[in-house]
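Visitor: Please take a close look at a single residue, and then at the packing and contacts elsewhere in the model.

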Amino acid sequence: MSHAHPLIALLKRDLTLAFRTGGAGLSLAFFLLVIVLLPFAAGTDPALMRRIGPGVIWIAVLLAVLLTLERLFQADLEAGVLDLLVAAPAAFELLVLAKALAHWLAIGVPLTVLAIVAGLMLGLSLDAALALAFTLFVGTPGLSCTGAIAGALTAGVRRGSLLLTLLVLPLYAPFVIFGAGAATLAANPTPPETPLPAILLLGACSLAAALTALLLLPSAVKSQVD
Amino acid sequence: MLTLANPAKFMALSARLLPWLLGLTVVAFAAGLPLALVFSPPDYQQSEAVRILYIHVPAAILAPLVYAGMAAAAFSHLVWRAPLADIAAEALAPMGAVLTAIALATGMLWGKPMWGAFWVWDARLTSVLVLFFIYLGVIALRQSIEDQAKAARASEILTLVGVIDLPIIHFSVYWWNTLHQRSSLFRAGGPSIYGSMLWPLFIMILAYTALVATALLLRMRTMIIRRRIKSSAGREGSRAVVREADAHA
């Protein structure tokens with residue numbers, strides 16, 4: 001039996017669930033609402049928006065991703081789907097990574113695209129908004145991988161969303177530092193500094209997160225099943 | 001090392017070691033504290049405030065080291081199912097958290113007179129703060145899962161995820177322009193601290209380490225006894241509980 005079949009099936013199922021039950025849509029709406037609140041909170045001075053806008057957009061992305069992590073594995077654990085996955089004919093490691101990939105495709109990518117709109121709303125130039133979206137594109141896979149591990153570890157805990165937040169935010173710190181740093185530098189250019197070093201470090205963080213997920217996500221999910 | 005995996009042998013060995021470790025801790029603090037706080041020279045720039053160094057530096061050295069030990073125990077239990085490793089990992093977590101808190105608090109108290117600020121967001125301070133939150137997360141995760149075996153596995157996996165912070169803490173002062181100073185002890189060319197300050201510092205580091213070792217052995221012994229009581233109370237009821245209590249009184 002070809003191994004691609006169960007993987008594609010799992011991907012399709014997760015993506016369909018995310019878009020049909022509104023998980024993806026709700027996180028987008030939450031993100032936009034947070035962005036809308038920023039000018040109310042800090043005033044509309046364009047120079048100020050250029051300085052703090054990219055950072056706040058990054059934080060809003062983080063919060064929107066956090067909201068979706070709790071149900072990533074908890075719903076499947078409660079429905080008994082994880083037991084089926086353990087017994088599935090495909091490699092369990094690839095199946096759990098497919099869940100992390102589905103999370104990125106359903107949550108991370110739409111947020112990245114919407115961030116361009118959010119950046120323009122806050123008065124960033126198109127170049128700065130595109131640079132911000134690029135940093136999100138590089139960083140959100142790492143957010144999905146790290147978040148998946150934390151979501152798997154807290155899947156069995158009742159009302160575990162607060163605990164999940166405590167676990168995952170320290171691990172998200174490097175992503176915010178480098179990603180928001182690169183985006184802010186792109187919005188407020190100070191030559192000869194370029195955002196490139198920060199973006200490279202952000203990519204390294206995402207790769208490290210993916211590697212960690214490769215190694216530890218299967219154990220984390222399996223530990224919830226027996 | 002393999003004999004330590006046997007709980008009975010561990011209890012015997014730790015019973016023999018504990019009085020010596022406790023004695024070493026007391027002696028080291030008794031020698032180190034007066035030397036550090038009273039008899040060592042004031043710094044030519046920082047005058048008396050430099051004495052925070054003798055409280056701050058040992059805690060700051062041990063905090064990531066304790067995490068490394070915790071991660072090694074977590075790895076041993078997760079991969080090789082070493083019998084006492086999960087107890088060691090569980091015991092080390094609160095100790096490391098307290099050490100990190102001491103390092104952060106004394107660092108802030110030292111920063112105000114030295115740098116003019118209680119806190120700066122430089123790489124070393126930020127990564128140690130992240131370590132503190134990782135410690136809290138490991139403790140919280142273990143406490144929130146009821147099944148003990150599942151709780152141990154989950155917190156061990158989380159411990160391994162957090163290991164990435166350790167090299168970041170260590171190399172942060174070299175990778176970035178930070179306010180926090182670089183290594184003065186473990187450098188090519190030897191320590192850059194003068195002898196009259198170096199020796200009290202070494203004694204305090206020894207004292208902190210002996211304290212952590214003593215506390216660790218004591219806590220592990222208590223946890224082993226508690227597990228035995230729990231398992232025997234479940235099977236035989238209160239008579240077993242009384243027998244255990246008498247045996248270890």
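Guide: A:Leu114 belongs to helix 5 of chain A, residues 92–121; helices are DSSP runs (H or I, at least four residues), numbered from the N terminus. This is a predicted model, in which local features need pLDDT of at least 70 and side-chain atom pairs count only at pLDDT 80 or more, while totals for chains, interfaces and linings use all residues. Residues are numbered from 1 along each chain as its sequence is written, and chains are lettered from A and ligands numbered from 1 in the order in which they are written.

A:Leu114 is buried (20 or more other C-beta atoms within 10 Å), because 22 other C-beta atoms lie within 10 Å. Leaving aside residues up to four places away in sequence, A:Leu114 touches A:Leu28, A:Phe31 and A:Leu32, contact being C-beta atoms, placed from the backbone, within 7 Å. From A:Leu114 to A:Thr135 the separation is 21 residues in sequence and 13 Å in space, C-alpha to C-alpha.

Elsewhere in chain A, the axes of helix 7 (residues 161–187) and helix 8 (residues 196–225) come within 9 Å and cross at roughly 155°, with axes fitted to C-alpha atoms over the stretch in contact and angles running from 0 to 180 degrees between N-to-C directions. Residues making this contact include A:Phe175 and A:Phe178 of helix 7 of chain A and A:Leu201 and A:Cys205 of helix 8 of chain A.

Between the chains, 17 residues of chain B are in contact with 17 residues of chain A. On the chain B side, helix 4 (123–144) and helix 5 (148–162) of chain B each give two or more residues, and helix 4 of chain B has the largest share, eight residues.

Technical notes:
Contact = placed C-beta atoms within 7 Å. Buried ≥ 20, exposed ≤ 12 C-beta atoms within 10 Å, placed from the backbone.
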